[in-house]
Amino acid sequence: MTNGTATTDLDATLERYRVELTGYCYRMLGSSFEAEDAVQDTMIRAWRSLDKFEGRSSLRSWLYRIATNVCLDMLSAGNKRARPMDLTESTPLAQAALSPRPDHTWLEPMPDGRVLPTPADPAEAAVAKESVRLAFMAALQRLPARQRAVLILREVLAWKASEVAELLDTSVASVNSALQRARATLAERREPGADASVSDPLDEDQKKLLDRYVAAFEGYDMSALTALLHEDAVMTMPPFDLWLTGADDITGFMTTLGAACAHSKLVPVEVNGLPGFAQYKPDPDNGGYTPWAVQALEISDGRITGFHCFLDTQRWFPLFGLPLRLEAETDEVEQGAQRG
């Protein structure tokens, strides 16, 4: 076998693990772009130290060990990603003001396809989706880094305690203790959105709810939208720290500070294990539509309970493979985005 062939084979072997490693690093870091950087660093470190891989563990376990060390190094500064409701109190509409915070403050959205492998077992797929939902991701951010790793490896990826102990160079007793403390921390506070219940795939009632949502949002019909929102629904808009609670304040915001979103177009996306949409708002200067937000929707008991809009379109739309402009006639573009 030539060196070129060996290199190609190794690249292909490592590449098979990219999606699951990205999912792991994303859960650890809470950042889409940092997760992808961490996986790239993992691949480079694996390449450089392949001659030290002695085969005592599987290649997969070895890669996870490297990825864990990369993530722990990145988390050593103590940075914790957050949602607006983790930082401030809900703001009444009368006091609403749009105050941005730096990018590194926020828990970031992620396309499902970049972090969720396709397991044969539907139950495994459901667990994987639940483990990247915004509420669970926010809960993970409350844990110290090593506890976070233990919880993800044990409860999301179903590793044995002995396997996690070997990966972290610690004892089984230490792993079990860390897991117990992590569970206790998560049980202390129920995260907003933790009760969201989304079938995989969506059931007929959920599909109908989303169809009604699209019709209400694109028609900017606040009465119809109010009927779809839970009475305690939450709306967030990172990078702004403002967040609103309740249909009255949400729809009130949309018809005042958010009035420019009227007559927007929505393109379906799969984000953080949740149904979502790329929102394009009308471009009054050039015609057509310009990117405005990636929306992630939390649903419970037939109503929308969370309405999360990520507004940094120059970062998010390319990440989701979305065009940075829609023409006035959008049917073909929308279909193409859905296929992609």
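Let me start with a term: helices are DSSP runs of H or I with at least four residues, strands are DSSP runs of E with at least two, and both are numbered from the N terminus. With that in hand, hello everyone, and welcome to this structure.

A word on where it comes from: this is a predicted model, in which local features need pLDDT of at least 70, side-chain atom pairs count only at pLDDT 80 or more, and totals for chains, interfaces and linings use all residues. Residues are numbered from 1 along each chain as its sequence is written, and side-chain values use heavy atoms, with hydrogens and water left out.

Now the overall picture. The chain has 16 helices and six strands. Its radius of gyration, taken over C-alpha atoms, is 21 Å, close to the 20 Å from the globule rule (2.2 Å times the number of residues to the power 0.38) for 340 residues, so the chain is as compact as a globular protein of that length. The C-alpha trace spans about 65 × 50 × 40 Å along its principal axes. Of the 340 residues, 49% count as buried, where buried means under 20% relative accessible area, exposed means over 50%, and partly exposed is in between, with a 1.4 Å probe and protein chains only. Contact, for this talk, means heavy atoms within 4.5 Å. Among contacts between residues at least 6 apart in sequence, 66% join residues at least 24 apart.

Let's go to helix α2. Thr22 is found there, and with a relative accessible area of 4% it is buried. Which residues does Thr22 touch, not counting those up to four places away in sequence? They are Ala35, Glu36, Val39, Met110, Arg114 and Val115.

Next, how α2 packs. Two packed helices are described by the angle between their axes and the distance between the axes. Axes here are lines fitted to C-alpha atoms, for helices over the stretch in contact, and angles run from 0 to 180 degrees between N-to-C directions. The axes of α2 (residues 18-29) and α9 (residues 145-156) come within 10 Å and cross at roughly 140°. Angles under 35 degrees count as roughly parallel, over 145 as roughly antiparallel, 65 to 115 as roughly perpendicular and the rest as oblique, and α2 and α9 are therefore oblique to each other. On the α2 side, Tyr24, Arg27 and Met28 meet Ala145, Arg148, Ala149, Ile152, Leu153 and Val156 of α9.

Helix α9 has another partner, α11 (residues 172-188): their axes come within 9 Å and cross at roughly 95°. That makes α9 roughly perpendicular to α11. From α9, the contact uses Gln147, Val150, Leu151, Arg154 and Glu155, while residues of α11 in it include Val175, Ala178 and Leu179.

Two more residues before I stop. Thr313 lies in helix α15 (residues 313-319). Is Thr313 buried or exposed? Thr313 is buried, at a relative accessible area of 11%. Thr313 and Pro291 are 22 residues apart in sequence, yet 6.1 Å apart in space, C-alpha to C-alpha. Leaving aside neighbours within four places in sequence, Thr313 contacts Pro291, Trp292, Ala293, Pro318 and Leu324.

Finally, Asp283 sits in the loop between β4 (274-282) and β5 (289-300). Asp283 counts as buried, at 14% relative accessibility. Beyond its neighbours within four places in sequence, Asp283 is in contact with Gly288, Tyr289, Thr290 and Arg325.
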